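Trainee: I'm new to reading protein models, and I'd like a close look at one part of this one. Could you walk me through it slowly?

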Amino acid sequence: MTDKQLVSEIIKGNQLYFKILVDQYQSLVLNTCFSFVHNKVDAEDICQEVFIEVYLSIHKFKDQSKLSTWLYRIAVNKSLNYIRDNKKRNIFKSIENFFIKSQSDLQIPDDSYLDASFDEIEKERFELLKKAINKLPENQRIAFTLHKIKKMPYKKTAEIMNISLASVEGLIHRAKINVQKYILKKCREK
Amino acid sequence: MSNITKAGIMKCKISNIKLIKYLNKELSEAESRQVELQISNSENCLQLLNELKATYGLVNTFPKLKENPNLYLNVINKVSETPKNIPILETKTIPIYGIVRPILLAASILIAILSGVFIGGKFTAQSNIEMATTLNSEFYINALQLESIENYLME
């Protein structure tokens, strides 16, 4: 079944086809969100929000792009909005913590999604990598995540970000160097 | 990172940029050979390079989450809970709000500047006169008061 047929059936109100869409693209959306927010529970919540938006605005989908590209765009936007809101929340939290020493300082990182083969050293490395990615400017972060983590080709990354191929290449190169610089800096500090 | 490596890594003399360029194969052949030589002579640099490789290499093994079998039902339940007119209202209100907000902001800034100029001008003009009269009156009142006290004492 083509994307066009799937979408037209959903617009007609055939919920069975929406279930097909959810089953087909859940992994793509969920793992895209996860690669941005690096938290299992948050990624699951955002994934649900993405499919709610897809259901409510499926009529806005244009045939010019692929359904997966459209879904990627929604997932990336929702994830970035979440990160922005989270930053604001963290600022307020840190102000609150400054005045009231609360138990929120004792947050345990969620690593339940990690492979059982990950030992303590690898978990530490993974945390460092996540921090390095989180420090990137927004555009570099999107390009790096889509290309390096989601293994998306340059062309598709450019399509999702709606920028030129050359810009994507530049962003990824700069992001890679920034991530590596951060890792080295933290390794030397230890 | 193991405890043995932690102390040594700091002592590597090769710059971060050079190490990164070496790892990404962006150095010339001569430079590359020079870095290789430095690394082979320094255990600390080798450890630092290995740590960078191992940490950055995790990009390729980024974990994947398992799908939620109830996602479809959760989405449908959430959608049925939300009133149908919400998206329509949102699309209608956003452009109006987008136009009105900057106008209101500009108007409030203009009002604030004009009122500041008006109040400031009035305040300085009034304050000079007020200051002069209060000084005079204080002097005059004090003199009278003193005079009356003196007269009273003389009597």
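Which side chain meets that of A:Lys130 in a salt bridge? Please tell me about the surroundings of that pair as well, and about other charged pairs.

Mentor: Happy to! Keep in mind that this is a predicted model. The partner of A:Lys130 is A:Glu127, and their side chains come together with 3.1 Å from N to O. That counts as a salt bridge because the cut-off is 4 Å. Now look at where the two sit. Both belong to helix 5 (residues 120–134) of chain A, and because they are three residues apart there, about one helical turn separates them. Elsewhere, A:Glu49, A:Glu53 and A:Lys78 are joined into one network by salt bridges that share partners.

In general, side chains of opposite charge can pair when their charged atoms come close. Searching the whole structure gives ten salt bridges over all chains, so let's visit a few others.

Take A:Glu138 and A:Arg84, whose side chains form a salt bridge at 2.7 Å, N to O. This pair links distant parts of the chain, 54 residues apart: A:Glu138 lies in helix 6 (residues 138–149) of chain A and A:Arg84 in helix 4 (residues 67–99) of chain A. A:Glu138 is partly exposed, with a relative accessible area of 37%, and A:Arg84 is partly exposed at 35%. Then there is A:Lys12, which pairs with A:Glu9, their closest N and O atoms being 3.4 Å apart. A:Lys12 has 64% relative accessibility and therefore counts as exposed.

Finally, follow the charges to the other chain. Between chain B and chain A the count is one salt bridge: A:Arg125 with B:Glu51, where the closest N and O atoms are 3.0 Å apart. Across this interface there are also ten residue pairs in polar contact.

Conventions: Residues numbered from 1 in each chain as written. Chains lettered and ligands numbered in written order. Predicted model: local features only at pLDDT ≥ 70, side-chain atom pairs only at ≥ 80, totals over all residues. Heavy atoms only, no water. Buried < 20%, exposed > 50% of the residue type's maximum accessible area, 1.4 Å probe, protein only. Helix = DSSP H or I, 4+ residues; strand = E, 2+ residues; numbered from the N terminus. Polar contact = N/O pair within 3.5 Å; in protein donor to acceptor, adjacent residues only side chain to side chain.
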